[in-house]
Amino acid sequence: MVAVLLLPDGPVSYPALPPQPDMAALKRMITGIPGHFQPGTFGYSLAFGAVAGTALGGVEYGSRHMSVMLWDTEREKLQSRLRYLEKQVVFNKEQEAEGKAHYLASLAQEYNPVATAMPFSKLDDAMRL
């Protein structure tokens, strides 16, 4: 069906509105939905599987959480190893500083400021220890 509108410039036609859905058919669709969720149907199996999977996943998550919270000692092992590593690093830095100090002391023992002066000139004060 086409609606015609008369204007001063001439008739203009517009397509008709689509037919409205039948309320009885809509009611049949809505009342038929629970029938798809009766035991033995695909919808029921799908919903049951989703609920059971979610429940089992929650139980597994909870059991893993409790296991880690109560019996996991890996964190303590790692912290102990990190503390030991930090102690090793501090010890090595102290050894390195001590070695540098000994090296500088041995250089200072061998230092001869007169050898750095130009021949027949006065020793510069910057060269003295």
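How many residues apart in helix H3 are Glu-96 and Lys-100? They lie 4 residues apart in helix H3, which spans residues 74-110, and so about one helical turn separates them. Helices here are DSSP runs of H or I with at least four residues, numbered from the N terminus.

A word on the basis: this is a predicted model, in which local features need pLDDT of at least 70 and side-chain atom pairs count only at pLDDT 80 or more, while totals for chains, interfaces and linings use all residues. Residues are numbered from 1 along each chain as its sequence is written, and side-chain values use heavy atoms, with hydrogens and water left out.

The side chains of Glu-96 and Lys-100 form a salt bridge at 3.7 Å, N to O. The term requires a side-chain nitrogen of Lys or Arg within 4 Å of a carboxyl oxygen of Asp or Glu. Glu-96 is partly exposed at 47% relative accessible area, whereas Lys-100 is exposed at 52%. The cut-offs are under 20% for buried, over 50% for exposed, and partly exposed in between, with a 1.4 Å probe and protein chains only.

By this rule there are 2 salt bridges. Glu-60 and Arg-64 also meet in a salt bridge, at 3.1 Å, N to O. These residues sit 4 apart in helix H2 (residues 42-71), and therefore about one helical turn separates them. Glu-60 is partly exposed at 41% relative accessibility, and Arg-64 is exposed at 55%.

Finally, Met-29 belongs to helix H1, residues 23-32, and counts as exposed because its relative accessibility is 57%.

Key. Helix = DSSP H or I, 4+ residues; strand = E, 2+ residues; numbered from the N terminus.
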